[in-house]
Amino acid sequence: MKNLENIKTPCYICEEELLENNLQLLDYVQKRSGAKIILALKGFAMWSTFPLVREYLQGCTASGLHEAKLAYEKFGKEVHTYSPAYKDEDIDEIAQISDHVVFNSPSQLFKYSDRVKKINPGVSISLRINPEQSASPKDIYNPCGIYSRLGTTLANFDEEVLNHIDGLNFHALCEQGADELEEVLVAFEDKFSKYFKGLHYINFGGGHHITKKGYDVEKLIRIIKEFKAKYEVEVYLEPGEAVGWETGVLVSSVLDIVDNGMKIAILDTSAEAHMPDTLAMPYRADVRDSAEAGEKEFTYRFGGNTCLAGDIMGDYSFDKALKIGDKVIFEDQIHYTFVKNTTFNGIKLPSLMIKRKDNSLEIIKEFGYEDYKNRLS
(Lines give C-alpha, C1' and ligand atoms only; values in the text may rest on other atoms or scores of the structure.)
Protein backbone atom coordinates (compact mmCIF):
# COMPACT_ATOMS: atom_id res chain seq x y z
CA MET A 1 0.00 0.00 0.00
CA LYS A 2 1.45 3.33 -1.07
CA ASN A 3 0.84 6.92 0.08
CA LEU A 4 1.09 6.10 3.79
CA GLU A 5 3.93 8.45 4.67
CA ASN A 6 1.70 11.49 5.09
CA ILE A 7 -1.28 9.98 6.89
CA LYS A 8 -1.93 10.80 10.51
CA THR A 9 -1.54 7.80 12.80
CA PRO A 10 -2.74 5.64 14.39
CA CYS A 11 -5.13 4.64 11.65
CA TYR A 12 -7.00 1.56 10.44
CA ILE A 13 -7.23 1.27 6.66
CA CYS A 14 -9.77 -1.12 5.14
CA GLU A 15 -9.12 -1.98 1.49
CA GLU A 16 -12.36 -2.03 -0.46
CA GLU A 17 -11.06 -4.40 -3.13
CA LEU A 18 -9.89 -6.98 -0.59
CA LEU A 19 -13.19 -6.76 1.27
CA GLU A 20 -15.12 -7.33 -1.93
CA ASN A 21 -12.94 -10.34 -2.77
CA ASN A 22 -14.00 -11.92 0.54
CA LEU A 23 -17.64 -11.06 -0.06
CA GLN A 24 -17.56 -12.60 -3.53
CA LEU A 25 -16.22 -15.85 -2.10
CA LEU A 26 -18.91 -15.89 0.59
CA ASP A 27 -21.52 -15.21 -2.06
CA TYR A 28 -20.16 -18.14 -4.09
CA VAL A 29 -20.77 -20.36 -1.05
CA GLN A 30 -24.31 -19.00 -0.76
CA LYS A 31 -25.15 -19.59 -4.39
CA ARG A 32 -23.63 -23.06 -4.58
CA SER A 33 -24.92 -24.35 -1.24
CA GLY A 34 -28.23 -22.53 -0.86
CA ALA A 35 -27.22 -21.26 2.58
CA LYS A 36 -27.76 -17.71 3.74
CA ILE A 37 -24.70 -15.91 5.09
CA ILE A 38 -25.10 -13.00 7.50
CA LEU A 39 -22.48 -10.70 8.99
CA ALA A 40 -21.54 -11.11 12.67
CA LEU A 41 -21.13 -7.53 13.85
CA LYS A 42 -19.01 -8.61 16.81
CA GLY A 43 -16.21 -9.36 14.35
CA PHE A 44 -16.69 -6.65 11.71
CA ALA A 45 -18.82 -3.55 12.21
CA MET A 46 -17.32 -0.89 9.92
CA TRP A 47 -20.73 0.36 8.85
CA SER A 48 -19.30 2.74 6.27
CA THR A 49 -18.67 -0.41 4.20
CA PHE A 50 -22.22 -1.73 4.56
CA PRO A 51 -23.41 -0.43 1.16
CA LEU A 52 -20.89 -2.86 -0.35
CA VAL A 53 -21.41 -5.70 2.15
CA ARG A 54 -25.18 -5.78 1.75
CA GLU A 55 -24.78 -6.31 -2.00
CA TYR A 56 -23.60 -9.83 -1.10
CA LEU A 57 -24.77 -10.85 2.40
CA GLN A 58 -28.31 -11.38 3.66
CA GLY A 59 -28.19 -9.41 6.88
CA CYS A 60 -26.46 -9.17 10.25
CA THR A 61 -26.31 -11.08 13.49
CA ALA A 62 -26.22 -8.92 16.62
CA SER A 63 -25.26 -9.65 20.21
CA GLY A 64 -27.67 -7.31 21.89
CA LEU A 65 -29.70 -4.13 21.46
CA HIS A 66 -27.00 -1.76 20.24
CA GLU A 67 -25.65 -4.08 17.56
CA ALA A 68 -29.22 -4.85 16.51
CA LYS A 69 -29.94 -1.13 16.14
CA LEU A 70 -26.81 -0.69 14.03
CA ALA A 71 -27.86 -3.58 11.79
CA TYR A 72 -31.40 -2.24 11.49
CA GLU A 73 -30.36 1.35 10.81
CA LYS A 74 -27.28 0.87 8.64
CA PHE A 75 -27.58 -2.54 6.95
CA GLY A 76 -31.28 -2.74 6.24
CA LYS A 77 -31.71 -6.47 5.68
CA GLU A 78 -32.30 -9.40 8.06
CA VAL A 79 -31.50 -8.73 11.71
CA HIS A 80 -30.75 -11.76 13.92
CA THR A 81 -30.31 -10.93 17.61
CA TYR A 82 -28.82 -13.20 20.26
CA SER A 83 -27.76 -12.49 23.82
CA PRO A 84 -26.67 -14.79 26.66
CA ALA A 85 -29.43 -13.07 28.63
CA TYR A 86 -31.80 -10.25 27.71
CA LYS A 87 -32.61 -7.32 29.95
CA ASP A 88 -36.27 -6.52 30.48
CA GLU A 89 -35.68 -2.90 29.49
CA ASP A 90 -34.25 -3.94 26.08
CA ILE A 91 -36.41 -6.80 24.91
CA ASP A 92 -39.31 -4.76 23.47
CA GLU A 93 -37.09 -2.71 21.18
CA ILE A 94 -35.13 -5.82 20.20
CA ALA A 95 -38.41 -7.49 19.24
CA GLN A 96 -39.47 -4.49 17.14
CA ILE A 97 -36.32 -4.36 15.00
CA SER A 98 -35.32 -8.04 14.77
CA ASP A 99 -36.35 -10.66 12.23
CA HIS A 100 -34.95 -13.46 14.40
CA VAL A 101 -34.55 -13.48 18.18
CA VAL A 102 -32.32 -16.22 19.57
CA PHE A 103 -32.53 -17.27 23.21
CA ASN A 104 -29.68 -18.80 25.15
CA SER A 105 -31.72 -20.93 27.54
CA PRO A 106 -35.22 -22.38 27.87
CA SER A 107 -35.85 -20.12 30.87
CA GLN A 108 -35.17 -16.97 28.84
CA LEU A 109 -37.24 -18.30 25.98
CA PHE A 110 -40.23 -19.06 28.21
CA LYS A 111 -39.88 -15.65 29.85
CA TYR A 112 -39.84 -13.58 26.67
CA SER A 113 -40.96 -15.48 23.55
CA ASP A 114 -44.67 -14.72 23.85
CA ARG A 115 -43.92 -11.07 24.55
CA VAL A 116 -41.61 -10.88 21.53
CA LYS A 117 -44.23 -12.49 19.30
CA LYS A 118 -46.94 -10.13 20.52
CA ILE A 119 -44.78 -7.11 19.65
CA ASN A 120 -43.62 -8.57 16.31
CA PRO A 121 -45.87 -11.40 15.10
CA GLY A 122 -43.59 -12.11 12.13
CA VAL A 123 -40.44 -12.63 14.18
CA SER A 124 -38.73 -16.05 14.19
CA ILE A 125 -37.77 -17.57 17.53
CA SER A 126 -34.74 -19.78 18.02
CA LEU A 127 -32.82 -21.48 20.82
CA ARG A 128 -29.04 -21.62 20.95
CA ILE A 129 -27.70 -25.13 21.45
CA ASN A 130 -24.38 -26.20 22.95
CA PRO A 131 -23.44 -29.41 21.10
CA GLU A 132 -20.59 -29.94 23.61
CA GLN A 133 -18.16 -30.53 20.75
CA SER A 134 -15.50 -28.05 19.72
CA ALA A 135 -11.87 -27.91 18.63
CA SER A 136 -11.44 -24.24 19.48
CA PRO A 137 -7.72 -23.49 19.87
CA LYS A 138 -8.05 -21.38 23.05
CA ASP A 139 -10.42 -21.77 26.01
CA ILE A 140 -11.22 -18.05 26.02
CA TYR A 141 -12.76 -18.46 22.55
CA ASN A 142 -14.32 -21.89 23.08
CA PRO A 143 -18.11 -21.55 23.29
CA CYS A 144 -18.47 -25.26 23.99
CA GLY A 145 -15.80 -25.54 26.66
CA ILE A 146 -16.32 -26.88 30.15
CA TYR A 147 -18.79 -24.81 32.21
CA SER A 148 -19.65 -22.68 29.18
CA ARG A 149 -22.56 -20.29 29.68
CA LEU A 150 -23.28 -20.20 25.93
CA GLY A 151 -26.09 -22.36 24.63
CA THR A 152 -28.29 -25.13 25.99
CA THR A 153 -26.88 -28.61 26.47
CA LEU A 154 -28.92 -31.74 25.87
CA ALA A 155 -29.23 -32.28 29.62
CA ASN A 156 -30.90 -28.85 29.93
CA PHE A 157 -33.05 -29.04 26.81
CA ASP A 158 -36.77 -28.73 27.56
CA GLU A 159 -38.94 -30.25 24.82
CA GLU A 160 -41.60 -27.67 25.58
CA VAL A 161 -39.48 -25.14 23.64
CA LEU A 162 -40.48 -26.94 20.44
CA ASN A 163 -43.90 -25.31 20.74
CA HIS A 164 -42.27 -21.89 20.51
CA ILE A 165 -39.28 -22.09 18.16
CA ASP A 166 -38.74 -21.86 14.41
CA GLY A 167 -35.09 -22.86 14.46
CA LEU A 168 -32.02 -23.89 16.38
CA ASN A 169 -28.60 -22.22 16.49
CA PHE A 170 -25.19 -23.50 17.45
CA HIS A 171 -21.82 -21.77 17.50
CA ALA A 172 -18.82 -23.96 18.19
CA LEU A 173 -15.95 -22.84 15.94
CA CYS A 174 -13.15 -20.29 16.10
CA GLU A 175 -11.04 -19.63 12.99
CA GLN A 176 -11.63 -23.21 11.87
CA GLY A 177 -12.25 -25.27 8.76
CA ALA A 178 -14.84 -27.54 7.21
CA ASP A 179 -13.36 -30.63 8.88
CA GLU A 180 -14.03 -29.15 12.32
CA LEU A 181 -17.55 -28.16 11.27
CA GLU A 182 -18.16 -31.74 10.17
CA GLU A 183 -17.10 -33.01 13.61
CA VAL A 184 -19.41 -30.55 15.35
CA LEU A 185 -22.32 -31.52 13.13
CA VAL A 186 -21.90 -35.18 14.06
CA ALA A 187 -22.33 -34.31 17.74
CA PHE A 188 -25.11 -31.81 17.05
CA GLU A 189 -27.12 -34.26 14.95
CA ASP A 190 -26.52 -37.14 17.33
CA LYS A 191 -27.93 -35.17 20.25
CA PHE A 192 -30.60 -32.97 18.67
CA SER A 193 -31.69 -34.20 15.22
CA LYS A 194 -34.76 -35.85 16.76
CA TYR A 195 -36.02 -32.30 17.33
CA PHE A 196 -35.45 -30.99 13.78
CA LYS A 197 -38.83 -32.00 12.34
CA GLY A 198 -40.96 -28.96 11.71
CA LEU A 199 -38.12 -26.46 12.12
CA HIS A 200 -37.62 -23.85 9.42
CA TYR A 201 -33.89 -23.32 9.83
CA ILE A 202 -30.66 -24.30 11.53
CA ASN A 203 -27.98 -21.66 12.10
CA PHE A 204 -24.42 -23.04 11.98
CA GLY A 205 -23.04 -19.99 13.78
CA GLY A 206 -19.68 -18.35 13.10
CA GLY A 207 -16.00 -19.20 13.30
CA HIS A 208 -15.96 -20.57 9.73
CA HIS A 209 -12.61 -19.42 8.31
CA ILE A 210 -13.98 -19.48 4.77
CA THR A 211 -11.82 -16.72 3.30
CA LYS A 212 -8.53 -18.00 4.69
CA LYS A 213 -6.20 -19.55 2.12
CA GLY A 214 -6.52 -23.33 2.16
CA TYR A 215 -10.08 -23.46 3.51
CA ASP A 216 -11.96 -26.34 1.85
CA VAL A 217 -14.80 -24.32 0.37
CA GLU A 218 -16.13 -27.20 -1.72
CA LYS A 219 -16.38 -29.42 1.34
CA LEU A 220 -18.33 -26.72 3.16
CA ILE A 221 -20.74 -26.46 0.23
CA ARG A 222 -21.19 -30.22 0.19
CA ILE A 223 -21.84 -30.35 3.95
CA ILE A 224 -24.49 -27.64 3.73
CA LYS A 225 -26.26 -29.15 0.73
CA GLU A 226 -26.38 -32.59 2.33
CA PHE A 227 -27.70 -31.16 5.60
CA LYS A 228 -30.39 -29.11 3.85
CA ALA A 229 -31.52 -32.09 1.81
CA LYS A 230 -31.54 -34.44 4.80
CA TYR A 231 -33.58 -32.24 7.14
CA GLU A 232 -35.41 -29.91 4.71
CA VAL A 233 -34.38 -26.77 6.57
CA GLU A 234 -32.82 -23.44 5.68
CA VAL A 235 -29.18 -23.09 6.76
CA TYR A 236 -27.56 -19.90 8.00
CA LEU A 237 -23.89 -19.12 8.60
CA GLU A 238 -22.83 -16.00 10.47
CA PRO A 239 -19.09 -15.30 10.04
CA GLY A 240 -17.53 -12.05 11.16
CA GLU A 241 -13.82 -12.64 10.89
CA ALA A 242 -14.16 -14.27 7.47
CA VAL A 243 -15.68 -11.02 6.18
CA GLY A 244 -12.86 -8.78 7.41
CA TRP A 245 -10.05 -11.33 7.07
CA GLU A 246 -6.89 -9.75 5.59
CA THR A 247 -8.76 -6.70 4.35
CA GLY A 248 -6.65 -4.01 5.96
CA VAL A 249 -4.02 -2.76 8.37
CA LEU A 250 -3.34 -0.66 11.43
CA VAL A 251 -0.71 1.98 10.69
CA SER A 252 1.26 3.48 13.57
CA SER A 253 4.31 5.68 14.00
CA VAL A 254 7.50 5.33 16.05
CA LEU A 255 7.47 8.03 18.74
CA ASP A 256 10.69 7.13 20.53
CA ILE A 257 13.33 4.41 20.77
CA VAL A 258 14.80 3.55 24.18
CA ASP A 259 17.27 0.92 25.30
CA ASN A 260 16.82 -1.25 28.38
CA GLY A 261 18.82 -4.35 27.49
CA MET A 262 17.28 -4.25 24.00
CA LYS A 263 15.93 -1.60 21.66
CA ILE A 264 12.32 -0.70 22.49
CA ALA A 265 10.26 1.26 19.98
CA ILE A 266 7.37 3.16 21.52
CA LEU A 267 4.47 3.51 19.10
CA ASP A 268 1.44 5.80 18.97
CA THR A 269 -0.86 2.79 19.22
CA SER A 270 -1.54 0.24 21.97
CA ALA A 271 -1.91 -3.51 22.28
CA GLU A 272 -4.17 -3.03 25.30
CA ALA A 273 -6.44 -0.43 23.72
CA HIS A 274 -6.23 -1.12 19.99
CA MET A 275 -5.14 -4.75 19.50
CA PRO A 276 -6.47 -6.50 22.61
CA ASP A 277 -6.37 -10.00 21.14
CA THR A 278 -2.57 -9.79 21.08
CA LEU A 279 -2.80 -9.91 24.89
CA ALA A 280 -5.96 -11.99 25.36
CA MET A 281 -5.25 -14.80 22.89
CA PRO A 282 -2.30 -14.19 22.91
CA TYR A 283 -1.03 -13.99 19.37
CA ARG A 284 1.75 -12.17 17.55
CA ALA A 285 0.45 -9.73 14.95
CA ASP A 286 2.33 -9.68 11.65
CA VAL A 287 4.25 -6.51 10.90
CA ARG A 288 5.07 -5.60 7.32
CA ASP A 289 8.71 -6.19 6.25
CA SER A 290 9.59 -7.75 9.61
CA ALA A 291 10.78 -11.14 10.84
CA GLU A 292 11.11 -12.90 14.18
CA ALA A 293 13.47 -11.37 16.71
CA GLY A 294 17.09 -11.92 15.68
CA GLU A 295 16.35 -13.13 12.16
CA LYS A 296 17.20 -9.75 10.67
CA GLU A 297 19.91 -7.32 11.70
CA PHE A 298 17.89 -4.90 13.81
CA THR A 299 15.54 -6.18 16.53
CA TYR A 300 13.03 -4.09 18.46
CA ARG A 301 10.37 -4.68 21.05
CA PHE A 302 7.21 -2.77 20.15
CA GLY A 303 5.47 -1.10 23.07
CA GLY A 304 2.28 0.90 23.29
CA ASN A 305 1.93 4.50 24.40
CA THR A 306 0.10 3.76 27.67
CA CYS A 307 1.29 3.36 31.24
CA LEU A 308 0.44 -0.37 31.33
CA ALA A 309 3.74 -2.24 31.73
CA GLY A 310 2.44 -5.16 29.69
CA ASP A 311 1.31 -3.03 26.74
CA ILE A 312 3.67 -4.88 24.41
CA MET A 313 2.99 -6.05 20.85
CA GLY A 314 6.04 -8.29 20.58
CA ASP A 315 9.59 -8.45 19.26
CA TYR A 316 10.34 -7.86 15.58
CA SER A 317 13.47 -7.58 13.44
CA PHE A 318 14.15 -5.51 10.32
CA ASP A 319 16.78 -5.15 7.64
CA LYS A 320 17.12 -1.44 8.38
CA ALA A 321 17.29 0.40 11.68
CA LEU A 322 14.06 2.10 12.67
CA LYS A 323 13.96 5.86 13.12
CA ILE A 324 11.64 8.10 15.08
CA GLY A 325 8.75 8.97 12.76
CA ASP A 326 8.89 5.71 10.77
CA LYS A 327 5.58 4.03 10.00
CA VAL A 328 4.92 0.56 11.41
CA ILE A 329 2.19 -1.42 9.63
CA PHE A 330 0.36 -4.17 11.51
CA GLU A 331 -1.23 -6.54 9.02
CA ASP A 332 -4.78 -7.93 9.13
CA GLN A 333 -6.21 -5.64 11.79
CA ILE A 334 -9.72 -4.95 10.46
CA HIS A 335 -11.60 -7.81 12.17
CA TYR A 336 -11.95 -8.09 15.96
CA THR A 337 -9.82 -4.97 16.48
CA PHE A 338 -11.54 -1.60 16.38
CA VAL A 339 -14.78 -3.28 17.50
CA LYS A 340 -12.89 -3.96 20.75
CA ASN A 341 -11.07 -0.62 21.02
CA THR A 342 -11.07 1.32 24.27
CA THR A 343 -9.91 4.76 25.35
CA PHE A 344 -7.89 3.29 28.24
CA ASN A 345 -5.44 5.84 29.63
CA GLY A 346 -7.02 8.49 27.43
CA ILE A 347 -5.14 7.20 24.41
CA LYS A 348 -6.53 8.41 21.08
CA LEU A 349 -8.65 5.94 19.14
CA PRO A 350 -7.20 5.17 15.69
CA SER A 351 -8.85 6.91 12.77
CA LEU A 352 -10.81 4.85 10.23
CA MET A 353 -9.96 5.04 6.53
CA ILE A 354 -11.00 3.18 3.39
CA LYS A 355 -8.74 2.55 0.45
CA ARG A 356 -11.12 2.72 -2.50
CA LYS A 357 -10.79 0.54 -5.57
CA ASP A 358 -9.31 3.51 -7.46
CA ASN A 359 -6.47 3.53 -4.84
CA SER A 360 -7.66 6.77 -3.21
CA LEU A 361 -7.63 6.97 0.58
CA GLU A 362 -10.76 8.33 2.25
CA ILE A 363 -10.89 9.34 5.90
CA ILE A 364 -14.16 7.98 7.31
CA LYS A 365 -13.81 8.93 10.97
CA GLU A 366 -11.33 10.70 13.23
CA PHE A 367 -11.52 10.54 17.01
CA GLY A 368 -10.44 12.94 19.72
CA TYR A 369 -10.87 14.12 23.28
CA GLU A 370 -14.67 14.27 23.11
CA ASP A 371 -14.84 10.53 22.42
CA TYR A 372 -12.82 9.89 25.59
CA LYS A 373 -14.73 12.41 27.71
CA ASN A 374 -18.22 11.37 26.60
CA ARG A 375 -17.86 7.78 27.78
CA LEU A 376 -16.96 8.97 31.27
CA SER A 377 -18.83 11.13 33.75
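Author: L127 stands opposite L168 in β8. The strand β7 (residues 124-129) is joined to β8 (residues 167-170) by 4 bridges, and the two run parallel. Strands here are DSSP runs of E of at least two residues, and helices are runs of H or I of at least four, numbered from the N terminus; two strands pair if DSSP finds at least two bridges between them.

This is a predicted model, in which local features need pLDDT of at least 70, side-chain atom pairs count only at pLDDT 80 or more, and totals for chains, interfaces and linings use all residues. Residues are numbered from 1 along each chain as its sequence is written, and side-chain values use heavy atoms, with hydrogens and water left out.

Both strands belong to an open sheet of 9 strands with parallel pairing, in the order β2-β10-β9-β8-β7-β6-β5-β4-β3. At its edges stand β2 (36-37) and β3 (39-40), each of which pairs on one side only.

The protein chain as a whole has 11 helices and 17 strands. Its radius of gyration (taken over C-alpha atoms) is 22 Å, close to the 21 Å that the globule rule (2.2 Å times the number of residues to the power 0.38) gives for 377 residues, so the chain is as compact as a globular protein of that length. Along the principal axes, the C-alpha atoms fill a box of roughly 65 × 45 × 45 Å. Of the 377 residues, 53% are buried, that is, under 20% relative accessible area with a 1.4 Å probe, protein chains only.

Conventions. Buried < 20%, exposed > 50% of the residue type's maximum accessible area, 1.4 Å probe, protein only.
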